[in-house]
Amino acid sequence: MTDLNAYRENARAWLASVADQFGRDARRGLAVEDDLALGRRYMAARFDAGYAGINWPVEMGGQGLGHLEKVGFDGEEMSFGMPSGYFGISLGMPVPILIRFGEDKAWVKERVLAALKGEEIWCQLFSEPAGGSDLAGLRTKAVPDGNGWSLTGQKLWTSWAQYCDYGVIVARTDPTVPKHKGLTYFWVDMKAPGVEVRPIKLAGGDSHVNEVFFDDVKLTDAQRMSPVGGGFGVAMTTLMIERYVATDSGGFGPHLDLFIDMAREIEVGGKAALEDGRVRSAIARNYAMRSGLEAITRRAMLMMEAGMVPGPEGSLNKLVAVRSRQRLSELALDLQGNTGLAFDAHAFVKEDWASSWLNAPTGRIAGGADEMLLNTIAEKILGLPQDHRPDKAVPFNQIPA
Amino acid sequence: MTDLNAYRENARAWLASVADQFGRDARRGLAVEDDLALGRRYMAARFDAGYAGINWPVEMGGQGLGHLEKVGFDGEEMSFGMPSGYFGISLGMPVPILIRFGEDKAWVKERVLAALKGEEIWCQLFSEPAGGSDLAGLRTKAVPDGNGWSLTGQKLWTSWAQYCDYGVIVARTDPTVPKHKGLTYFWVDMKAPGVEVRPIKLAGGDSHVNEVFFDDVKLTDAQRMSPVGGGFGVAMTTLMIERYVATDSGGFGPHLDLFIDMAREIEVGGKAALEDGRVRSAIARNYAMRSGLEAITRRAMLMMEAGMVPGPEGSLNKLVAVRSRQRLSELALDLQGNTGLAFDAHAFVKEDWASSWLNAPTGRIAGGADEMLLNTIAEKILGLPQDHRPDKAVPFNQIPA
Amino acid sequence: MSLLYDESQQAIASESRRVADACADKARLLALLEQTGDYDTAFWDSAREQGWTALALPEAYGGLDLGLVDLGIVAQASGAATAGAPFLTTNYGAAQALLRSDDEILRQRWLPPLASGEAFAAVAFAEGQSPLPDRPTTRLTTAGLTGEKPGVTAGAQAQIAVVWALAEGEPALVLAELRDEQRTVIHGYDNSRGYADLNFAAAPASLILKGDAALDLARDVLARMAVVTAHEQTGGAEALMFIARDYAVTRKAFGQPIGAFQSVKHRIAELYALVEIARANCIHAASREGQPDFLKAAAAARLSATEAYDTAARDCVQVHGGIGVTWESGLHLHMRRARSLAIEQGNTMWWEDLLVSQLTGVAA
Amino acid sequence: MSLLYDESQQAIASESRRVADACADKARLLALLEQTGDYDTAFWDSAREQGWTALALPEAYGGLDLGLVDLGIVAQASGAATAGAPFLTTNYGAAQALLRSDDEILRQRWLPPLASGEAFAAVAFAEGQSPLPDRPTTRLTTAGLTGEKPGVTAGAQAQIAVVWALAEGEPALVLAELRDEQRTVIHGYDNSRGYADLNFAAAPASLILKGDAALDLARDVLARMAVVTAHEQTGGAEALMFIARDYAVTRKAFGQPIGAFQSVKHRIAELYALVEIARANCIHAASREGQPDFLKAAAAARLSATEAYDTAARDCVQVHGGIGVTWESGLHLHMRRARSLAIEQGNTMWWEDLLVSQLTGVAA
């Protein structure tokens, strides 16, 4: 562990040295485009400093270090509020998949380097209007076209698509077989003719997700990253990787310390809020929940360090933490009463209770809705039966819409 | 309403006059058999006083008054803790069904009078080991036997069966049709040869429910109370009546005033419990919930008085109240800490927090489990789709066990 | 008052629902979210045409002489439509205070314009996080009214405010005319509520009532407003329950309507329970206006309605999945309104404490 | 200490689970519920044979010199089996207090029999509803120990009790030998816990520690016992989760296993979340014994384990329907144990307050 601590020390030192340039305060109030531009410069600097692709192979431009160094750096980086969010999905899922399944290694390395430096961004084109939680129900189709494919359809909830250069996509190549079996996995050039991106404004006011339309978009067969009909498996791999992307016991909202600081300034019925049993109960139970999730994560790290496979309990983090964040944020607004009605659409979700509350529902739905996570736990971990699914084993084109 | 108030006045006066003889204090510590004997004497006295079958037709020995008088009397009676519980189901469901569907009116009237005087008790034989919430899945069968029927099978959760003279029962008379369609409704003599009653001890220590076994019990066709194959409808009627049997916003546990009295004597962290925000929150939310349920019930009474049909919201009472009673009872034990560890198996559920807590789960399951009530609300009131039911429309004898 | 709506009240219910829905325009309401200090004039004009503003005021002042039950019915319809103006509640509250003033000139000056809805009034009781502080720091002296009132609903538009203050060491209710330099309009997450911080520096103001009577009146006014708000919350919660139901029966996943999954259908059934309990408490509370148990009944209505609306907002969005968190879906109009109404008229803890004090005689 | 069990600890885990299950006899445990002041001798004999009683004591006194992590592992297995004797926890707590006494004779007299399990000890800190009152009313004077301690676990059997008292105006920990006339055995809903009210009238007793150090020690002992109990609660909750799962996959209704209904499967999945969070907190807390953050870690473990066990008891019975509420099913053994363990070592509110005081420096 001492090596790891030393590594974190150095990382923190470097991050501190560039904090004025890229950190939370430098970003405050920036329009998204300017913040993204700052982010690209940060990614370049991070690459030069040797903190890009930390646990990726050296031959792919990575640092060839372990998952623990990666997680260690992410933790430090998060505390500085660096503008790396735009690249999180890109480097989190699509690019690793590209490394794993991409055929033309030279081309792949070119893309990987560009992605690590923040020059290019990749998105993940999975969800669809009809799909939602039901990935295998997707309708976007790729039909054979000469030596390649023609892609037509619509994707939904694609994060940062409006800024992306490339994407990975799952499309239906055979509607005559049961829905899991007719899918194929491709990468697609987001600047290609026939690709149209329409940002979707969310409840909180921002527009980082998009509708993406494909109208007869040409794909070469080299863009295929799975066997024909074997796309569902690759997509699942992507989603598995997703689970192990950095967790946050605060559900990606404010830290509990911020709640306590807020409560110090607040009165309930003319007394200090921190003396009120209801407030104390909320703090104590959130602390207990968060410390449990953190212990689960630490234990998983130790297991990985020891070369063991961590238990499935890692999947609890998002379910439990985001749901609790929603309630805690509500309570924070309640406590502030008439003094907490102001709202700044540009405030950071991890600092501002109104933003945290208003965006919490997105967190409970994106990347697996609560109900889907509960199903996964029940079926995959506890061996409970699957829900009734009338569409199972039915040819896709015979499922009533 | 003034007539009704006067009626309640008189009822209260009579109840007070016999309270020493039959009321809560007279019952304290009595063994079940002695309490039942006292109950029979009370029922006889109640009959003579003209408070039996209040809303039943005069020609059947009732008083021919309205539902409001009935509910008014029940409310008064409950506050005296009279030993009428043993007769609640008997007079609540089976006997009204007998009045409605019984053929031989003279015989029926004889039974009704005996039941009103507490001389005879009727039970309701619905649930089965395999059944649980699934009434139509029952396996007890009645096969044609000469001019009558032969009844064989097993029933479960039959309240007070060990003290009953008669029962109403649903049995399968045709296993070759879908399960709802093959049932027939009978009355059965609980003392007949082939009937065996085995009391079941419950978690709280008492044994008021039973297993009942039927081994080739002979029934005349006159004991049939529904068309052959038409038993499910009659059973449903019975369960509908059940819903309108007296409600209790306390979930049949202690009144909220008792919680407040208890809390007055308790300290939390060296301060009066009633000053603690957590305790105040529990009291306030329970009060709000209970007052809402009570308003729903009062409104239903007013509608019935005005000749209108009350809304379906009456079905909420059991679901919401019993579940809350379970949590409030837990909290009461928590608050009492080391001073609340004693337990008296003979204590009244409506007075004692440990009894209330230990018996609450039975309340959440008996007469419709929470999940079934939620399904009913969702499907019957809100028009949401029914759950997937593989056994629907399948002949009963072809459903995999 | 009865727990059953009579025929005229049933008429008000269906008519107000029709009008509120008719003038509800999602696009306009969404736009209001991003405009600071504006409100939904279209809704307010209809409210005035319908005479909703006059509903619960005495005929002598241009009112219709109806009661809290009737106003509650209208409020429920407005809540279902997330109506974009808070004045039904604030004007009513201010008027209820004014009615108790001995100053007939003052009443004649303000009650008729409040009844017609041409005037806007705010009720400014809260200081810090307390909806009704025992000893307000705002003072009324011969020099005038001095002090700060944070996050006052309708404070951005009101011409007058009924202010909770201290006059010669005694609690008092005071009427102050508002000038623009006295208000700092707040950009909030529910902008059509007209939130503003009010700052009085020796402002001209007239006394309405003083002493213990003033405290009783302040409590009564707050409770009355809370009952109106509870109806609004219940209307919103019920609307969300039906929105969730309608979506659950049409939207399909895994080959069947999502409403066939118990996680969805039971969640909606639980909303039904919360809505019906809140509704029953609301009707009961409204029917108890002026009675000794009114505060308790108001608290019960307020607590159950807040829980119903917050829960419905959370669960209805969740049932919708991704589509529920889009700006265009407009579900966040309810989500935001649930939160703002949960705070106006005092948060849940404050009402819990008031209720328990009433029930036990023990203060928090 | 690490968050990962080493090989020997994994061995203890599987072995203790095997032994606890082997000597668990539902019929005997059910019978104990109706006997006042008895305990499960079969379990206790095995615990002694296995050396569980010596686990966390120093070799010098016949212990095995292992720590709280190891004892926790055994407690989890005992909890899963609703073991019918409380002495693992009470003897450990008393021994931890004794170890801090300067009186070597006292240590020699009692630690070895506690390590072997032939002696029973109780820890009597609570008075009224407070698990650890700031100023206990129980007094140690030259005349001896005088005062009352309600609902003391193992008080029905213990030969000695470590008592929280006031000595010359200072908080103190005192060792008292118990005589039968001092105990009033309680008939409770979980009779194998040996609850008794203790009544000291100038009883002979010896001082263990006095002053602020005594308060720190009392807190530490209570926290250590709470961590053992939290492991027991987690074991019970996990057992219930699996019982519910096993029932849900076999029991059929409406033609399919009830586990296919989301109301059942999601409820069990939620139990999994509570159990894993409690387990992680327990291991973390045990690994922090003697560290400055031990109290916080113990509180987190205690709070999450109590919630997990109470919820699992409620939900597992509910999943079972009618069969779950029968005496014979024995599920109420867990339900009763969940409640008794939630109260021993201090209820949820007390631990919430302790934790928040630690986190914020603000007392309740």
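In this predicted model, chain A contacts chain D through 37 residues of chain A and 35 residues of chain D. By class, the side of chain A that touches chain D holds 24 nonpolar, 6 polar and 7 charged residues.

Chain A also touches chain C. That contact takes 42 residues from chain A and 40 residues from chain C. On the chain A side, at least two residues each come from strands β3 (148–159) and β8 (267–268) and from helices α11 (316–336), α12 (353–365) and α13 (370–381). The side of chain A that touches chain C divides into 19 nonpolar, 11 polar and 12 charged residues.

Within chain A, strand β5 (residues 183–189) has 6 of its 7 residues buried, so β5(A) is largely enclosed by the rest of the structure. Strand β4 (residues 166–172) of chain A pairs with β5(A). The pairing is antiparallel and runs over 7 bridges. One bridge links A:A171 to A:T184 of β5(A).

Strand β1 (residues 121–124) of chain D is covered on both faces. D:A121 and D:V123 lie on one side, D:A122 and D:A124 on the other, and all are buried. β1(D) runs parallel to strand β4 (residues 160–167) of chain D, and 4 bridges join the two strands. D:A121 has D:I160 of β4(D) as its bridge partner.

Helix packing was examined next, beginning with chain C. Helix α5 (residues 87–98) of chain C packs against helix α7 (residues 212–250) of chain C at an angle of about 155°, and their axes are 9 Å apart. This angle makes α5(C) roughly antiparallel to α7(C). The crossing of the two helices is right-handed. From α5(C), the residues in contact are C:L88, C:T89, C:Y92, C:G93, C:Q96 and C:A97. They meet C:L217, C:V221, C:R224, C:M225, C:V228 and C:T229 in α7(C). By class, the contact of α5(C) with α7(C) has 7 nonpolar, 4 polar and 1 charged residues.

α5(C) also packs against helix α6 (residues 104–116) of chain C. Here the angle is about 155° and the axes are 10 Å apart. α5(C) and α6(C) are therefore roughly antiparallel to each other. The crossing of α5(C) with α6(C) is left-handed, whereas that of α5(C) with α7(C) is right-handed. On α5(C), the contact uses C:N91, C:A94, C:A95 and C:L98. On α6(C), C:L106, C:R107, C:W110, C:L111 and C:L114 take part. The residues of the contact of α5(C) with α6(C) divide into 7 nonpolar, 1 polar and 1 charged.

In chain D, helix α8 (residues 262–287) packs against helix α9 (residues 294–320) at an angle of about 155°, with axes 8 Å apart. α8(D) and α9(D) are therefore roughly antiparallel. Their crossing is left-handed. Residues of α8(D) in the contact include D:V264, D:R267, D:L271, D:L274 and D:V275. Those of α9(D) include D:A297, D:A298, D:A300, D:A301 and D:S304. By class, the contact of α8(D) with α9(D) comprises 16 nonpolar, 4 polar and 3 charged residues.

Two residues were examined for backbone geometry. A:D216 is a residue other than glycine, yet has a positive phi, near 50°. A:D216 is found in strand β7 (residues 209–219) of chain A. A:D216 is exposed, with 11 other C-beta atoms within 10 Å. C:E168 likewise is not glycine and has a positive phi near 50°. C:E168 sits in the loop between β4 (160–167) and β5 (170–177) of chain C. With 12 other C-beta atoms within 10 Å, C:E168 is exposed, because a residue with 12 or fewer counts as exposed.

Technical notes. Residues numbered from 1 in each chain as written. Chains lettered and ligands numbered in written order. Predicted model: local features only at pLDDT ≥ 70, side-chain atom pairs only at ≥ 80, totals over all residues. Buried ≥ 20, exposed ≤ 12 C-beta atoms within 10 Å, placed from the backbone. Pairing = 2+ DSSP bridges. Contact = placed C-beta atoms within 7 Å. Nonpolar A, V, L, I, M, F, W, Y, C, P; charged D, E, K, R; others polar. Axes fitted to C-alpha atoms, helices over the stretch in contact; angles between N-to-C directions. Parallel < 35°, antiparallel > 145°, perpendicular 65-115°, else oblique. Left-handed = near helix turned anticlockwise from the far one by under 90°.
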